[in-house]
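Open the model in your viewer and get ready to select residues by number. This tour goes stop by stop.

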Amino acid sequence: MKARRVGPAVVIGTTLEWFDFYLYASMAALVFGKVFFPSDDSAISTLAAFATFAVGFLARPLGGVLFGILGDKIGRKAVLSLSLLLMGVASGLIGLLPSYASIGVAAPVLLVVLRILQGFGASAELGSAITVAYEHADEKTRGRYAALPALGAQIGLLAASLTVTAVTSFGDEFLYTWGWRIPFVASFGLVAIGYWIRRSMPETPEFERVATEERTRKSARLFADLLRSDWRGLAVVAAIYGGYAAISYTFKTFSLSYLSEFQDVPANVGSFGITLASAVAIVVVPILGRLCDRFDLRRIMLIGAVGVLLLAFPMFWILDTGRPVLIWGLLIVGTGVLAPLMIVAASPYMAQQFPTDVRSSGLGAGREISGAAAGGLAPLAALTMVTVSPGNATWGVSLLLMGCAALVIVGLFFDQKPRVEQRTRAAADPDVNVEPQASR
């Protein structure tokens, strides 16, 4: 019964969140430059649109800290429901915005405001969903449960990429006038369904077992306790998720813009490649979740990170061919296999870095602070490097990908699970002297 209620609530809500979020990323790469930031240089317009994409990430650290603390005080369920409303309503309103040609500078200003609201909504989503899935599972099923948010994200990515492929297939006039607005406006209906499903989800047993005095701590004290006692866990989550986010968004957003701006590849080629990659990931993610229950989480993440290291330079040799089949194969490997290898195993790995009473705030703060800098700025930095370099060189982007993969690997050497388990046992029985055990 628990799995029937928790699984759909986590997957469907995360699907809707990431549908909205990736839809914005795709339209920033393909449409928003012309609609909201028109100029004589299309690359400059695209850079301005990518800057609004980054603004949403810059809003996320504050949202991650705020909603993480709320998750530890009022519950995981309430925060997940609120995050869905913020994201869905902001996305729907973006679809109703007039263009720059209609109302001038007010159009991009309103776009930035709504993008910030999107950032606040997204900041609460994945960390809270990981916490819910992790805390509803037992020791033998945490891998498959923790794979649920990643599965929802991939379904949302598939839905968004199919939508982008569809609206880009009817020609530029349709796309730039009102075609791009349709999926944003549809978010109003989708979020109502997701909110109803999430409100019926049970609260996690672990949260309900936390003492009342722990839940009623003042927010400032809760965050101070987190920084004092769990700063190592924050650093591990920041390294793991920061590296993953930069890699993931470079594949999913920068590659689309690179193909369109510098290789004259039709927009629907890249978007269809993301569609294929997300379809593959939907199959791969549940398999990886079960593997995470059998094998060392760190080993699975290491395979994904090493794969990125090996692909960083060949990636551009493949993109530069302009051949759709090769481009699709690259995106399937990068987005459909390597990224899931890291994030599926990273979900329980990040959750185990914190005890229950600060898990939501720890995941929210650690993940969003690094994710904001890495996920939001990496595509913008990559596009900037290619735009300003002589001959539009791409070696800087390859080095960026390698550095992010190395960051993930560094985070694997400092697992805080033994320390957290020791503190939990000591809190339950202060007279027992417990030595940390090696994490699996």
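Select L16 and show what surrounds it. Beyond its neighbours within four places in sequence, L16 is in contact with L84, L190, V191 and G194. Keep in mind that this is a predicted model.

Now colour helix α1, residues 2–30; L16 lies in it. Is L16 buried or exposed? L16 counts as buried because its relative accessibility is 12%, and the cut-off for buried is under 20%. L16 and I193 are 177 residues apart in sequence. In space, their C-alpha atoms are 9.5 Å apart.

**Next stop: R115**

Select R115, in helix α7 (residues 106–136). Which residues does R115 touch, not counting those up to four places away in sequence? They are F21, Y24, T52, F53, G56 and F57. R115 is an arginine to look for inside: it is buried, with a relative accessible area of 0%.

**Next stop: helix α3**

Select residues 42–58, which form helix α3. Count 17 residues here. At 1.5 Å a residue, the helix should span 24 Å. Check the end C-alpha atoms: they are 24 Å apart, so the two values agree. Now pick out the buried residues of α3. Among them are T52, F53, G56 and F57, and R115 touches these four residues. The buried residues of α3 also include A43, S45, T46, L47, A49, F50 and A54.

**Next stop: charged pairs**

Side chains of opposite charge can pair when their charged atoms come close. How many salt bridges does the structure hold? It holds five.

Select D72 and R76. Their side chains meet in a salt bridge, 2.8 Å from N to O. D72 is buried, with a relative accessible area of 3%. R76 is buried too, at 1%.

Move to D293 and R144. This salt bridge is 3.0 Å from N to O. The pair links distant parts of the chain, 149 residues apart. D293 sits in the loop between α16 (267–292) and α17 (297–311). R144 is in helix α8 (residues 142–167). Check the accessibility of each partner. D293 counts as buried at 18%, while R144 counts as partly exposed at 32%.

Now select R298 and D296. They form a salt bridge with the closest N and O atoms 3.3 Å apart. R298 counts as partly exposed, because its relative accessibility is 24%. Then show D72, R76, E135 and R359 together. Salt bridges that share partners join these four residues into one network.

**Next stop: a nonpolar patch**

Select V89, L93, L96, V185 and F188. They make a nonpolar surface patch of about 380 Å². Zoom in on L93, found in helix α5 (residues 76–94). L93 counts as partly exposed, because its relative accessibility is 36%.

Select C292 and C404. Is C292 buried or exposed? C292 is buried, with a relative accessible area of 0%. C404 also counts as buried, at 10% relative accessibility. How many disulfides does the structure hold? The count is zero.

How values were computed
Residues are numbered from 1 along each chain as its sequence is written. This is a predicted model: local features need pLDDT of at least 70, side-chain atom pairs count only at pLDDT 80 or more; totals for chains, interfaces and linings use all residues. Side-chain values use heavy atoms; hydrogens and water are left out. Patches are made of residues with over 30% relative accessible area and no salt bridge: like charges are joined within 9 Å, nonpolar side chains (Val, Leu, Ile, Met, Phe, Trp, Tyr) within 5 Å. Accessible areas come from the Shrake-Rupley method with a 1.4 Å probe; for residues, only the protein chains shown count as cover. Helices (H or I, at least four residues) and strands (E, at least two) are DSSP runs, numbered from the N terminus. Buried means under 20% relative accessible area, exposed over 50%, partly exposed in between (1.4 Å probe, protein chains only). A disulfide is a pair of cysteine sulfur atoms within 2.5 Å. The expected span of a helix is 1.5 Å times one less than its number of residues. Contact means heavy atoms within 4.5 Å.
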